Amino acid sequence: MKGELFSSRWGLVLATLGMAVGTGNIWRFPRIAASNGGGSFLVAWAVFLLLWSVPLMIVEFSFGKRSRLGTVGAFAKLAGRRWAWMGGWVALCATAIMCYYSVVSGWCLRYLALALQGRPGPDGAASAWEGFAGTAQALGPHLVAMSLATLVVWFGVRGIERVARVLIPTLFVLVLILVARALTLPGAERGLAFLFTPNWADLASPRIWLEALTQNAWDTGAGWGLILTYAIYMRVREDVPLNAFLIGFGNNSVSLLAGIMVLCTVFALNPAAHEEIVGAGNEGLTFVWMPQLFAAMPGGALFMVVFFLALSFAALTSLISMLELASRVLMDMGVGRRVAVLSVAGLGLAVGAPSALHMPFFQNQDWVWGVGLMLSGLFFALAAARFGLERLRREVVNGEGSDVRIGRWWVWVVGILVPLEAVVLMVWWLWQARSWDPEGWLHPLGVFTTGTVLAQWAVALLALVALNGWLVRRQHPSPGEEPTP
Amino acid sequence: MTPVSWITLALIGGFVWGGFAFLLVRAIRAEGRKERRRERQS
């Protein structure tokens, strides 16, 4: 393991922040906050930071630090050999997301290149997006994004740390520049009012809470297995709980800044279209509306470059962590780093290509594996319970190097609340898919159907359970027997 | 912006950004203590 550790706490924190801060902070949070009651949504979102994200981050850090193995080996070592398939699910889910996230990262890089050329203009933004997304033109940026991530992961944890040390502070500065510009636009206060005016009656709506929980599940990276992967490279006397809180709050700080930046820009420049803009979806907001808004802003060409640079940095640092996760799982099976990284990158390019070429395929994968992340969170909570939550708290969370003590509340949250939240979220998402397609909601080949989720999950879970013994035997070094109680 | 909006901004912003700043300072101080301990031991 020597030479494969983060050189300092700040290397670990910056790399993990890079993992957590992704496109979801910039293109999803502002839309979801705006369309779910603004101030009241923010209250629920802050609550679930403490009742989902941070507790699961603590679990992930503990698993990585204790096992020093990727998701499959960590689950086998800490929950027991029979449960390696759960770690396999976590790895599969994150890897499936990596395949299409490389396409998303490619979009961001492509629009950065366009912004540097002063394009797309206000009139051509919609046609530029339609002529690009879902066509062969999206393959080149997909290849560029995956190649950049491969280059970083090729050099191991030192490569990841070096890149994070430059990109993450720069990303924070870029976001602050954009927020400053947005706040100084005439009429920006209408965006602030829209984001921060609470309607307390909304808090009685379950939908607000479920959307807030979903946002936490998707944009903090908790329960994805990515934090576990970086925690493998923690120094021996490294803290767990304070780092988990720091990353959770750091991630949500960027989300809140992005919310202010996007909504103030929208309300200052095109207040009449705000409902249409926030309802345009992630890609519609980012690649169709933002170029139009920047075109109407004094100095907009420069700020559009800053925006897409920030988005590209956020996307790439998350893509890097996904590539490392899958590579680490192969490395635990005795594959060398370079072969593992090239294999995963090749797989990502091939499986991601249909998402680049066909938007419904991309949307289907985003739907299936996005909801799959909630099952990953559930598996983390169950594995931690198998190991013993109180034991994990005593021996790892509050163990050597810990800077703060975590009380028994964490045991209750991870043992009861997190599994409950995961189940409720999955049922809610799969149930509401009925209303999107009442006739064909069980169709396994639909884009946004419940059937497609259940069918793809069933194939994946059956394969992983069948391969459980093989997965455990291939672990190098082999994880121990059942954990002692 | 109504007074309620300003209060919500202060509360949410204070919780998220203030929390991040507080945790960052605490981590910096903890790291300083660990560094000094390492120097004494070496």
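The structure is a predicted model.

**First stop: the interface**

Colour chain A and chain B separately, then select the residues that bring them together. On chain A, 33 residues are in contact with 22 residues of chain B. The two chains bury about 2300 Å² between them, and 77% of that area is on carbon and sulfur atoms.

Next, select the helices of chain A on this side. Helix 1 (9-20), helix 3 (39-67), helix 9 (188-196) and helix 12 (241-269) each supply at least two residues of the side of chain A that touches chain B. Begin with helix 12, which gives the most to that side, with 10 residues. Colouring by class shows 20 nonpolar, six polar and seven charged residues on the side of chain A that touches chain B.

Now display side chains across the interface. Three salt bridges are found between chain A and chain B. To view one of them, select K34(B) and D403(A), whose closest N and O atoms are 3.2 Å apart. Polar contacts may be shown as well: eight residue pairs, both members at pLDDT 80 or more, are in polar contact between chain A and chain B.

**Second stop: the largest pocket**

Select W27(A), R28(A), W218(A), N282(A) and D366(A). Of the 37 residues that line the largest pocket, these are the closest to its centre. The volume of this pocket is about 920 Å³.

By class, the lining comprises 19 nonpolar, 11 polar and seven charged residues.

Select G88(A), A91(A), L92(A), T95(A) and L347(A), which are the closest to the centre of the second largest pocket among the 24 residues that line it. About 570 Å³ of space lies in this pocket.

Which helix of chain A gives the largest share of the lining of the second largest pocket? Helix 5 does, with six residues. Helix 15, helix 16 (337-357), helix 17, helix 20 (450-466) and helix 21 (468-473) are also among the helices of chain A that each supply at least two residues of this lining. Colour the lining by class to finish: 20 residues are nonpolar, four are polar and none is charged.

Terms used. Residues numbered from 1 in each chain as written. Chains lettered and ligands numbered in written order. Predicted model: local features only at pLDDT ≥ 70, side-chain atom pairs only at ≥ 80, totals over all residues. Heavy atoms only, no water. Contact = heavy atoms within 4.5 Å. Buried area = accessible area lost by both parts, 1.4 Å probe. Salt bridge = Lys/Arg side-chain N within 4 Å of Asp/Glu carboxyl O. Polar contact = N/O pair within 3.5 Å; in protein donor to acceptor, adjacent residues only side chain to side chain. Helix = DSSP H or I, 4+ residues; strand = E, 2+ residues; numbered from the N terminus. Nonpolar A, V, L, I, M, F, W, Y, C, P; charged D, E, K, R; others polar. 1 Å grid on protein atoms, 1.4 Å probe; cavity = no way out; pocket = protein on both sides within 12 Å on 5 of 7 lines; lining within 4 Å. Points joined across faces, edges and corners; volume = space filled by probe spheres on them.
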